[in-house]
Amino acid sequence: MDYACHTPDHTSRRTLLKAVGLSGISWLTPLAQLLARESEAQGRADPAKSVILLWLDGGPSQLDTFDPHPGTKIGGETRAIDTARKGVQLAEGLEKTAELMQDISLIRSVTSKEGDHERAAYNMKTGYRPNPSVVHPSMGAILCHQLTDSAVEVPRHVSILANNRAGRGGALGTRYDAFRIGDPASRIPDVTPQVNDARMQQRLEDLSVIDRQFARGRRPDLEQNRTLHQATIQRAIQMMHSDQLKAFDVNDAPASERKAYGNTAFGRGCLAALRLIETGVRCVEVTLGGFDTHVNNHEVHMEKKKILDSAFSALIKDLKARDILRSTIVLCGGEFGRTPKMNPAEGRDHWPHGFSVAIAGGTFVGGQVIGATDPEGVKKEPRDKVRVQDIHATVLNALGIDPETEYMTSAGRPILLSDGRLIKGLMPI
Amino acid sequence: MATWYRNILFVATVTCSLALLTASLLKPEAFPEPPPYLGKGVAEAVEKVDTAFAAYWARNQVEASARAPVFLIARRLSLGLTGTIPSLEEIRALEAQTEEEAIDWWCSHLLADPRTSDYLAERFARALVGVENGPFLVYRRRRFVNWLSERLRANTPYDVLVRELITAEGTWTSSPEANFITVSIDQNAKTGPSESKLTGRLTRAFLGVRLDCVECHNDFLHDQWKQKDFHQLAAFFGPASSGMSGVRDEDQPYQYALKRGGDLEEIPAAVPFHPELLPEAGSLRERLAGWVTDPGNRAFARSAVNRIWALMFGRALASPVDEIPLEAPYPPGMEILADDFIQHGYDLHRLIRVIAATRAFQRDSIPGHGEGHVTPEQEQHWAAFGMHRLRPEQVAGSILQAASLETIDASAHIIRRIARAGEQNDFIKRFGDMGEDEFHDQGGSIPQRLMMMNGDLIEKRTRDDLVMNAATRLAVLTKNNETAIESAYLTVLSRRPVPEESAYFTAKLKDTRDKERKNILQDLFWALLNSTEFAWGH
């Protein structure tokens with residue numbers, strides 16, 4: 001049976017279970033039996049295992065980040081800078097990232113049909129356009145659903161600083177929803193018991209009396225096949241007492257490390273992402289908002305790039321230094337790009353017809369540039385167009401998951417994990 | 001001398017207020033009598049539905065479970081119609097009714113309550129305009145929901161309401177119903193209201209037909225419909241446009257390229273079934289509204305019946321809620337309820353009363369008589385009330401209500417109402433909204449459970465707080481342990497404890513006092529709020 005975005009059988013020494021003996025909560029169904037899961041996904045030799053999504057909320061301007069066209073009618077004030085990869089330029093303000101361009105590839109021709117924030121964000125995070133009959137799972141949810149883990153006690157799908165668009169389990173189930181936290185410098189919500197262990201034990205005993213009464217006359221498989229109530233409580237307790245929670249606490253990290261990421265919530269989010277991935281978390285999404293620059297596009301982007309540049313580059317460096325960039329895919333982008341044409345308020349409006357996504361890690365080749373937008377902003381269609389779903393298919397494939405795997409919606413309709421095509425230019429030769 | 005007087009006066013005042021407070025909590029109180037219901041023939045309609053279900057159960061060889069306790073039926077109705085559980089105050093008032101009249105009285109009580117129209121409006125809005133914030137400036141969801149709530153509270157006939165939506169004109173602020181049209185605007189494309197989005201909504205929400213599956217191409221899975229059907233229906237929305245003066249009709253035909261890569265062609269307006277019901281006079285949208293709501297178009301009535309049923313049971317009579325076959329066989333009761341709905345002027349309040357009075361709705365979720373346990377077959381055939389997971393806003397609403405002994409509603413104290421709105425929103429945001437995908441049952445997630453076990457809302461609602469929290473108030477106001485336990489159960493689970501539960505908690509409370517006693521009662525509230533029974537409709 002498929003259960004939660006968690007480990008099935010690992011029990012920490014510090015769990016309440018041991019602390020209080022098995023007496024009080026022996027009514028809880030044995031975990032192993034509940035959570036037995038069979039197969040690791042069949043994949044190639046050593047596919048990547050996890051994903052970090054740096055979500056630039058609001059729709060960053062491709063012209064002011066990964067696809068500058070300086071000196072043209074559409075380029076605006078933004079200058080371009082050279083990078084470690086000859087011939088590839090980035091917008092000014094991304095100097096630290098530029099030094100790492102051997103490891104990072106750019107897709108400059110992403111297109112979609114969604115120009116509204118909510119719909120476009122859904123599209124980017126799930127690889128499907130919104131559809132009233134099904135909520136598609138986000139990439140992180142698919143990853144947790146497809147790949148099991150044996151030793152992770154914290155949620156495997158985490159969203160840091162998310163607004164209400166955090167990755168969702170959708171048709172795969174709410175148990176694959178991202179666990180949402182704010183600035184990692186502050187307390188993680190809901191994991192600290194409000195009472196001491198002894199009193200928590202009392203409360204669980206009280207609860208068992210009430211739940212036992214409720215189970216009378218009900219289906220014997222109620223817990224296993226419907227509510228998962230007791231198993232969920234047990235997992236929650238395990239998490240509350242897990243040493244792995246420390247991964248969230250970036251205050252633990254050496255000062256020099258923290259400094260590299262920048263003294264910002266997003267920077268701390270990226271550092272937490274690194275620590276969580278090391279712990280075995282499958283997908284971490286870190287949000288940097290404020291890219292919806294209908295007004296003062298240039299200034300706002302310069303501000304935002306300061307935050308992004310430090311955090312993004314420090315993350316790639318550290319992943320590489322710890323030898324986990326090979327097993328971690330990093331994506332950086334937002335729901336759409338911004339218009340080539342500047343509006344009267346010195347802003348740029350929504351533009352889903354050719355925008356950029358940066359991609360690094362896993363088995364992907366670094367330093368590549370896929371597609372190109374028209375420097376004059378005349379042609380709407382970019383060269384070598386990449387659709388949003390193609391990114392999904394490519395990433396899933398790199399994770400050893402066949403994008404054409406089907407799952408069933410509640411209405412019994414089969415849906416492919418992704419209906420995109422692989423992006424050849426990113427594949428190892 | 002003067003000091004003496006003041007002291008006596010103070011003690012007397014405190015004693016009196018405490019006594020009054022205690023009395024109000026523990027004795028049935030006069031509750032505003034709801035207006036009597038004047039509809040005729042409800043009993044006959046209920047009997048027909050019951051007969052249909054009796055035959056259905058016999059045919060499928062399932063035994064119906066016993067009638068659920070009155071409090072439990074009332075709880076189901078409160079959750080389905082107001083999104084929260086009955087208060088202790090309401091339960092006491094319900095207790096004063098006779099067994100036969102209790103549920104009817106409860107329906108009258110709820111249907112007169114603004115909580116009901118507010119909640120139903122929000123649930124309906126999900127099908128009508130979705131949950132997205134929608135286009136900037138030209139779409140005001142809050143206004144739309146408020147308008148809908150007013151209409152539902154006034155019990156506007158459903159066909160009238162739907163005609164208002166389809167033919168809406170004017171601005172999103174002065175004509176809130178126009179938001180039904182403006183929500184479909186794609187501001188990026190600058191093409192005005194989207195005919196295809198509107199057609200998708202219209203067919204799903206009002207006809208229980210998923211015509212949008214064939215929007216882009218003919219689909220071998222849905223060979224009943226052709227792509228042309230969809231676009232001919234969409235053509236009715238062709239003239240709808242949006243400008244500074246809001247939504248209005250303009251002389252513009254609907255165009256679409258039916259052939260892949262082909263040229264745009266003008267598509268004539270036509271309906272996919274029952275063409276004889278399409279009125280000849282009026283604007284395109286008026287004619288469409290007339291066709292949708294024609295008494296001969298039974299798909300319209302069925303879809304309303306199915307949706308109300310789903311709200312009350314947590315599961316649609318025909319699933320999914322927006323896909324009902326156009327031809328028999330239908331689930332038991334559906335045609336009878338649709339007939340009754342049409343014959344009585346599309347009266348939603350009546351429909352709710354009829355469903356609430358049926359045997360199917362009033363079945364227990366356990367066998368209820370003797371040994372054994374309920375079977376999946378019984379649940380599947382409505383012979384036992386099916387368990388379903390409560391929605392996030394129902395959980396939030398119930399936690400807040402359970403923390404209070406009085407009813408939290410529009411007449412409640414302003415501080416409570418503000419607190420409730422804020423806390424409820426925070427909770428739902430974190431607990432996760434299920435979006436439009438309604439009536440989809442899933443086990444809870446660990447983050448959700450963590451919120452229930454350690455979250456701020458639960459902590460705030462169970463900790464020591466004499467003003468805001470039921471646990472503290474019961475501890476202070478009820479000296480008798482059995483009464484305190486019973487009141488806690490009634491407040492959170494709408495039932496009394498069984499002897500075993502009562503004995504367990506009485507033993508815990510024995511000889512405790514002050515802080516220790518308070519803590520035990522707080523733990524009891526925590527456990528009740530974290531129980532399966534609290535999190536699931538049953």
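Figure 1. A residue is called buried if 20 or more other C-beta atoms lie within 10 Å of its own, exposed if 12 or fewer do, and partly exposed in between, with C-beta atoms placed from the backbone. Helices (H or I, at least four residues) and strands (E, at least two) are DSSP runs, numbered from the N terminus. A:Ser50, A:Ile52, A:Leu54 and A:Leu56 point one way from strand 1 of chain A, whereas A:Val51, A:Leu53 and A:Trp55 point the other way; all are buried.

Residues are numbered from 1 along each chain as its sequence is written, while chains are lettered from A and ligands numbered from 1 in the order in which they are written. Because the model is predicted, local features need pLDDT of at least 70 and side-chain atom pairs count only at pLDDT 80 or more, whereas totals for chains, interfaces and linings use all residues.

**Figure 2. The strands that pair with strand 1 of chain A.** Two strands pair if DSSP finds at least two bridges between them. Strand 1 of chain A pairs in the parallel sense with strand 8 (residues 328-333) of chain A over 6 bridges, and here A:Ile52 stands opposite A:Val330. Strand 7 (residues 283-288) of chain A also runs parallel to strand 1 of chain A, joined to it by 6 bridges. In this pairing, A:Val51 stands opposite A:Cys283, and A:Trp55 has A:Thr287 as its bridge partner.

**Figure 3. Strand 7 of chain A and its covered faces.** Strand 7 of chain A is mostly covered, with 6 of its 6 residues buried. A:Cys283, A:Glu285 and A:Thr287 lie on one side of the strand, and A:Val284, A:Val286 and A:Leu288 on the other; all are buried. Strand 5 (residues 157-160) of chain A pairs with strand 7 of chain A in the parallel sense over 4 bridges. The bridge partner of A:Ile160 in strand 7 of chain A is A:Val286.

**Figure 4. Helix 5 of chain A against its neighbours.** Helix 5 (residues 139-146) of chain A is mostly covered, as 8 of its 8 residues are buried. Among them are A:Met139, A:Ile142, A:Leu143 and A:His145. The buried residues of helix 5 of chain A pack against strand 1, helix 4 (117-126), strand 5, strand 7 and helix 12 (388-398) of chain A.

**Figure 5. A:Leu54 and the largest nonpolar core.** A nonpolar core is a set of buried Ala, Val, Leu, Ile, Met, Phe, Trp, Tyr and Cys residues joined through C-beta atoms within 7 Å. The largest such core has 263 residues, of which A:Leu54, A:Ala273 and B:Leu528 touch the most other members. Helix 13 (residues 298-313) of chain B supplies the largest share of this core, 10 residues. Two residues are in contact if their C-beta atoms, placed from the backbone, lie within 7 Å. Leaving aside neighbours within four places in sequence, A:Leu54 is in contact with A:Val286, A:Leu288, A:Phe312, A:Val330, A:Leu331 and A:Cys332. In soluble globular proteins, nonpolar side chains tend to be buried together.

**Figure 6. Helix 4 of chain B.** In helix 4 (residues 88-95) of chain B, 6 of the 8 residues are buried, so this helix is largely enclosed by the rest of the structure. The buried residues are B:Leu88, B:Glu90, B:Ile91, B:Arg92, B:Ala93 and B:Leu94. Their cover includes helix 3 (70-82), helix 5 (102-111) and helix 23 (481-493) of chain B.

**Figure 7. The contact between chain A and chain B.** The contact takes 48 residues from chain A and 49 residues from chain B. Helix 20 of chain B gives the most to the side of chain B that touches chain A, with 7 residues. By class, that side has 18 nonpolar, 17 polar and 14 charged residues. Here Ala, Val, Leu, Ile, Met, Phe, Trp, Tyr, Cys and Pro count as nonpolar, Asp, Glu, Lys and Arg as charged, and the others, Gly among them, as polar.

**Figure 8. Confidence along chain A.** The pLDDT is the predictor's confidence in each residue, from 0 to 100. Chain A has a mean pLDDT of 87, and 89% of its residues reach 70 or more. Over residues 1-45 of chain A, pLDDT stays under 50. Where pLDDT is low, the predicted coordinates should not be read in detail.
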